[in-house]
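Let's take a friendly walk through a protein structure, one feature at a time. Keep the picture open beside you as you read.

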Amino acid sequence: MPAAYAGRILRVNLSTGKVTKQPLTNELIKKWLGGKGIGTWLLYNELKPGINPLSPENKLIFATGPATGTIVPHKGYILCTKSPLTGIYTSSSSGGYFGGELKRAGCDVLIVEGRAEKPRYLWIDDEVVEIKGAEHLWGKNTFETNAMVKEELGDEEIKVARIGVAGEKLVKFASILNDYSRMAGRCGPGAVMGSKNLKAIAVRGTGNVEVAKADELIDFMREFLETVKETPSTGTSYPMWGTPGGVNGANLQGVFPTRYWHKGTLKGFENINAETMRKRIVVKDKACNTCPVNCSKVVRVKSGPYMGAVLEGPDYETLYSLGGLPENTDLNAIVRAQEICDTLGFDAMTGGNVVAFAMDCYERGIITSKDTDGLELTFGNKDALIQMLEKVGKREGLGDILAEGVREAAKRIGKGAEYLAVHIKGLEPAGYDGRGLKGVALAFAVADRGADHLTGSIYTYEMRGDIDRLAYNGKAAFLKDCEERFAVFDAMVFCRFLRDVYPWNILTKVIPLLVGFELNENELKALGERIVNVARAFNVREGISKKDDYWPERFFKEPLPDGPSKGQVIDKEEFNKMLSEYYKLRGWDENGIPSKEKLASLGLGDIGAQLEPYRKE
Amino acid sequence: MVHKFIMCNQEKCTGCGTCELACSVTKEKTFNPKMSRIRLVRIDPFIDMAIACRLCEDPPCVASCPRDALRQSEENGVIIVNDEKCDGCGWCIEACDFGAISIHPDKKTVVACDLCDGEPLCVEMCTRKALELSTLNTLSNKTRNSVVKKLFRFLLG
């Protein structure tokens with residue numbers, strides 16, 4: 001067993017109550033490293049194609065990485081499952097301290113399968129694993145659950161991952177929270193947990209995490225922390241402003257999604273930017289395990305109608321989804337709105353999207369006040385936003401339909417709503433308008449979990465002008481390299497926000513110090529490629545192909561009406577060219593299916609054969 | 001005699017826990033917060049603060065030990081544990097007002113911060129400089145100086 005691993009997969013079957021401890025094999029480690037690598041591989045192999053994501057056949061795979069629990073800055077775990085929102089592959093990473101605790105409890109990977117008959121929670125106390133009754137926790141919100149479990153187990157330092165009411169009610173984009181409010185947020189893992197009648201997972205781990213070369217690792221860290229300090233993003237921008245630092249830039253480039261994706265600049269964005277946040281509501285800076293960047297801001301609303309609202313956030317993404325999309329420039333209202341999402345336990349990005357989508361429908365008369373129980377659901381109505389979010393989390397009234405996510409909600413509402421709905425493969429996009437960022441246009445289209453900004457994470461480089469944001473040329477190759485590097489990040493369980501300090505040559509330096517075996521740049525790239533390809537293969541088995549790698553029609557037709565990206569659309573012809581080039585670079589066929597040859601060259605020959613039925617003649 | 005000890009500025013502390021792992025790797029060559037002599041307390045969501053031995057004058061931990069296993073160094077004030085004598089009864093843990101002395105998970109004897117010969121890695125690696133190795137006297141001097149500088153910042157430019 002290489003260092004940096006506990007050496008074990010813990011498998012809990014909630015249907016039978018059986019707990020098994022399997023060895024984490026050398027072979028698995030060498031080929032997949034950890035995190036998203038191991039998680040994706042296990043998910044692909046253990047799930048049959050076509051299963052219902054909310055059935056007992058789905059699994060929740062919590063995978064830590066070799067960096068988890070060490071002094072090398074890391075997130076905590078990656079959660080792989082089949083998404084009830086999109087019906088395809090998803091992985092969601094979460095920060096905080098839960099992942100480290102899991103590893104110290106001797107568990108690199110935790111697999112939860114089956115379905116308990118009654119509400120249960122899982123208690124992992126080092127070697128001892130118990131499935132305990134959770135009837136008394138059912139109906140409690142995420143923060144109450146956290147406190148009650150710790151109280152009941154008699155140790156405040158226990159780490160608890162849990163769902164709220166939204167997860168219980170199978171809101172399709174319910175999240176799993178750990179620590180205070182770090183979360184596996186996107187694509188609805190909380191609903192999968194709810195469908196299993198699993199309310200919480202409590203962990204206490206007291207074991208050691210070893211690394212291959214501790215002394216050299218400390219020397220590396222001394223140098224690394226200097227680099228972190230000197231690098232603008234990690235040394236100044238994220239620590240001071242957090243992700244909200246992006247609000248100014250996105251508006252000044254006209255790509256800040258506003259008025260439910262009809263505009264690219266928010267009038268009055270200065271009221272919700274990082275500077276205003278820092279001045280008015282930030283109480284403290286917070287960091288995930290051993291992270292020198294402390295991008296997280298804890299805020300409290302100090303006056304006015306939302307006084308007392310407390311939040312770890314908002315982030316750039318929620319400032320966009322609860323600020324830009326519904327045209328809400330009241331920072332305090334954004335805090336209150338996200339507090340509701342976190343308390344009930346659902347993704348505030350999709351949450352903001354579905355409510356803003358309903359606002360769009362309301363303004364066009366597609367839905368009326370009869371549908372909204374009298375709520376005046378117009379853009380800018382912040383109280384309506386807050387009330388509707390609460391209805392979504394509790395599945396009340398129109399909220400019950402919106403809780404299905406924008407794709408399904410639009411289908412049910414009909415009357416032209418489907419043209420308005422913004423999603424790729426069923427996932428509502430992160431806050432970057434692809435019309436003004438051509439690399440983002442491609443990245444969101446091909447990302448493994450739908451319109452996602454993290455899989456390829458090209459947005460940073462376009463937003464800050466490292467590459468020309470309006471050029472189509474060269475983006476496919478740039479994106480491919482990003483996807484591979486960030487797949488390796490996710491295998492290590494590193495955070496995206498350290499992207500500037502982990503170029504390939506630093507990754508090749510730090511990984512051996514942790515795991516004790518060498519991986520050169522080419523080997524790491526191949527590892528990244530393998531992960532990208534297995535995730536794609538998972539999706540191909542679910543029916544995904546080129547037809548799904550597109551933005552909604554209106555992004556090709558309707559130009560951005562204002563701001564510095566005025567007049568921009570995604571040009572269909574140019575887009576298709578980028579897409580074809582991307583497939584070619586990836587070794588995928590013209591329909592976006594990984595070729596047999598490519599898969600064989602990556603040592604994934606079996607998958608090549610399994611995908612045969614999905615290839616066109 | 002005024003001793004230096006490791007103090008934590010709670011306003012600067014982000015709760016990252018690097019100090020715990022820096023300590024654990026220095027003292028035990030492994031990563032485990034439970035092995036650390038400095039321990040982080042997180043009271044969500046607003047408070048994070050690390051606590052290490054405060055090298056008290058007349059330390060109650062020393063006085064409470066029924067086996068005379070603890071003594072205070074005359075040179076730098078750290079608590080020295082005699083592993084032969086300590087049997088992990090934990091009276092010193094009860095006596096310490098700060099929870100700054102704890103049982104070693106493997107050895108089952110108590111451990112406390114020994115300042116690592118004046119160059120602790122926890123302080124070095126604290127990116128936000130929340131940790132400081134200092135005496136209470138220099139702390140108050142520093143605080144006075146910085147508040148006066150703040151008051152007259154219009155003169156200092």
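## Ground rules

This is a predicted model, where local features need pLDDT of at least 70, side-chain atom pairs count only at pLDDT 80 or more, and totals for chains, interfaces and linings use all residues. Residues are numbered from 1 along each chain as its sequence is written, chains are lettered from A and ligands numbered from 1 in the order in which they are written, and side-chain values use heavy atoms, with hydrogens and water left out.

## The make-up of chain B

Chain B contains six helices and eight strands. Here helices (H or I, at least four residues) and strands (E, at least two) are DSSP runs, numbered from the N terminus. Reading chain B from the N terminus, the order of elements is β-α-β-β-α-β-β-α-β-β-α-β-α-α. Along the principal axes, the C-alpha atoms of chain B fill a box of roughly 60 × 35 × 25 Å.

## A pocket with lining from both chains

Rolling a probe the size of a water molecule over the atoms shows where empty space is left. On a 1 Å grid over the protein atoms alone, a cavity is a set of points where a 1.4 Å probe fits but cannot get out, while a pocket is an open set with protein on both sides within 12 Å along at least five of seven lines; lining residues have an atom within 4 Å of a point. Grid points are joined across faces, edges and corners, and a volume is the space filled by probe spheres set on the points.

The second largest pocket holds about 720 Å³ of space. Its lining has 27 residues, and the closest to the centre are Lys150(A), Glu156(A), Glu157(A), Arg42(B) and Asp44(B). Helices H3 (98-104) and H4 (142-153) of chain A, and helix H1 (18-28) and strand E2 (39-43) of chain B, each give at least two residues to this lining. How many residues of each class line the second largest pocket? There are 10 nonpolar, three polar and 14 charged residues. In this scheme Ala, Val, Leu, Ile, Met, Phe, Trp, Tyr, Cys and Pro count as nonpolar, Asp, Glu, Lys and Arg as charged, and the others, Gly among them, as polar.

## Cavities

The structure has eight cavities of 30 Å³ or more. The largest cavity has a volume of about 160 Å³. Among its 21 lining residues, Cys13(B), Thr14(B), Cys16(B), Cys126(B) and Ala130(B) lie nearest the centre. Its lining divides into 13 nonpolar, six polar and two charged residues.

Which residues lie nearest its centre? Of the 15 in the lining, they are Cys23(B), Cys113(B), Cys116(B), Pro120(B) and Cys122(B). H1(B) provides the largest share of this lining, four residues. By class, the lining of the second largest cavity has 11 nonpolar, one polar and three charged residues.

## Two helix pairs in chain A

Helix H18 (residues 438-446) and helix H24 (residues 572-586) of chain A pack at an angle of about 55 degrees, with axes 10 Å apart. Axes are lines fitted to C-alpha atoms, for helices over the stretch in contact, and angles run from 0 to 180 degrees between N-to-C directions. H18(A) and H24(A) are therefore oblique to each other (under 35 degrees counts as roughly parallel, over 145 as roughly antiparallel, 65 to 115 as roughly perpendicular and the rest as oblique). The residues of their contact divide into eight nonpolar, no polar and one charged.

Helix H7 (residues 214-230) and helix H8 (residues 232-241) of chain A also pack at about 55 degrees, with axes 4 Å apart. That angle makes H7(A) oblique to H8(A). By class, this contact has two nonpolar, three polar and two charged residues.

## Backbone details

Most residues other than glycine have a negative phi, and most peptide bonds are trans. Gly313(A) and Pro314(A) are joined by a cis peptide bond with omega of about -5 degrees. Pro314(A) sits in the loop between strand E15 (310-312) and helix H11 (316-324) of chain A. The peptide bond from Asp44(B) to Pro45(B) is cis too, with omega near -5 degrees.

Asp126(A) is not a glycine, yet has a positive phi of about 50 degrees. Where is Asp126(A) found? Asp126(A) lies in the loop between strand E7 (120-125) and strand E8 (128-133) of chain A.
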